[in-house]
Amino acid sequence: MRENEKQGPIVAKSTAIHTPFYYGWLIVMIAGLSHFFSGPGQTYSNAIFIDYYIEEFGWSRSAISGIYSSATLLAGFMLFMVGRLIDKFGARKMSVVISIFLVAACMFNSFVINWAMLFFGFFAIRLLGQGSMSLMPNALVPQWFIQKRGRALSLAALGAMVGSAAFPLINVWLIELYGWRTTWQILGASILIIFTPLAFLFIRNRPEDIGLRPDNGPVLSKKEQQNQLSADVSWTVKEAKKTRSFWLLLYCVAVPALVNTGMTFHLVSIFSLQSLTPETAAAVLSLMAIIGFPVTFLAGYLLDKISVQWMLAAVFAGELVSIFLLKEATVFSAAILFAAVWGFMLGIERVTLSVVWPNYFGRQYLGSITGISMAVMVVGSALGPLPFGLFFDRFGSYNEVLWVIMIFPLLGIIAALMASPPEKAAVRE
């Protein structure tokens, strides 16, 4: 049986919900919280813990980089399964289950005493935090918006920007007050108290499930919903894999993950070699996120007007400039300039990489397709820290690796411009 024959159109299953505003905007808010609470699994949060691990356990930086990379790599290989589960069970159930498992992962990290436990702890928070909690909103929000998809995803992405600004400072503050073990426990408890109940109470998988339409369009009868969903151009994973654009876009997903994770993971160490303090590194991570706030709104608006290809090319151009500025950041003012450019680029990147998949391949199998995308992103992030650590151990600096990784965004510009929207009629079984 063909993949697209296994699942027919999904129509309304639940009692209609009447609110004075479009319910999709509440979904956007919950999606933003999902992005925010992915923080414990993100590199900008974990980077604050690394030096404390080195100090307490005496492990080398390259050893911890290797553990982090291998654990992230394994997590990436499993993310496509999460995407399929979202398609099967819906984002509501999966959000609740995944958030509870993420709480358990945070608690586990507070008890790490050896390499094996550190590996499993990294694996769990990368799979459940960085991967699954970020995958969920990217699969959920496009179900509720089509014409305003860019703006909706940009609003949801603000949760990630707030998280990237808040978690480095929160972690530094909590670790200084209570130690790194208690900090992990506090992070886990906050997810359980705030996000899990909100996900259970308010998430609905699709507007059709509660008698609504994407973008708050006119309510249709059950037969009209069936006809509309059948008319929507949605690609199965098998069909998408036959297009050149699918593979080019996967490269465009992998490169920012690799480059940004590598720079973020070693930012404290890079700055220390350039006579900048850990507090400066934390400030840069927070300032980067703050600058990204208005850019995220701008990117959402532009993505409703401009081709995704050009926006992706702009992402990689900004990445090239960011790498060069990081290499030259030897004084505080230069670090601030680096943060500004990096934040601007990331504000565009977050929204663009969320919009491209539903715009190119539809929404019916979006969980499975974005699951593959997120898996590639996590694998890319797994490969980022290790070369930085190896180059540092070999040369005693990061200049060499920063020059080398400039190759990847250069190729990314080419890949983005070649990734034209595919035509369904051109694909054959």
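This is a predicted model: local features need pLDDT of at least 70, side-chain atom pairs count only at pLDDT 80 or more; totals for chains, interfaces and linings use all residues.
Helix α2, which spans residues 43-57, packs against helix α5, formed by residues 115-144, at an angle of about 165 degrees. The axes of α2 and α5 lie 12 Å apart. Because angles over 145 degrees count as roughly antiparallel, α2 is described as roughly antiparallel to α5. The crossing of α2 with α5 is right-handed. On the α2 side, the contact is made by Thr43, Asn46, Ile50 and Tyr53, whereas α5 contributes Leu118, Phe122, Ile125 and Arg126. By residue class, this contact comprises five nonpolar residues, two polar residues and one charged residue.

Across the whole structure, six cavities of 30 Å³ or more were found. The largest cavity holds about 630 Å³ of space. The lining of the largest cavity consists of 30 residues, and those closest to the cavity centre are Gln42, Gln130, Glu349, Arg350 and Met377.

Several helices share in this lining. Both α2 and α5 are among the elements that give two or more residues to the lining of the largest cavity. The other elements that do so are α6 (149-178), α10 (244-265), α12 (278-303), α14 (332-361) and α15 (366-383). The greatest contribution comes from α14, which supplies seven residues to the lining. In composition, the lining of the largest cavity divides into 15 nonpolar residues, 13 polar residues and two charged residues.

Methods
Residues are numbered from 1 along each chain as its sequence is written. Side-chain values use heavy atoms; hydrogens and water are left out. Axes are lines fitted to C-alpha atoms, for helices over the stretch in contact, and angles run from 0 to 180 degrees between N-to-C directions. Helices (H or I, at least four residues) and strands (E, at least two) are DSSP runs, numbered from the N terminus. Angles under 35 degrees count as roughly parallel, over 145 as roughly antiparallel, 65 to 115 as roughly perpendicular and the rest as oblique. A crossing is left-handed if the near helix is turned anticlockwise from the far one by less than a right angle, and right-handed if clockwise. Contact means heavy atoms within 4.5 Å. Ala, Val, Leu, Ile, Met, Phe, Trp, Tyr, Cys and Pro count as nonpolar, Asp, Glu, Lys and Arg as charged, and the others, Gly among them, as polar. On a 1 Å grid over the protein atoms alone, a cavity is a set of points where a 1.4 Å probe fits but cannot get out, and a pocket is an open set with protein on both sides within 12 Å along at least five of seven lines; lining residues have an atom within 4 Å of a point. Grid points are joined across faces, edges and corners, and a volume is the space filled by probe spheres set on the points.
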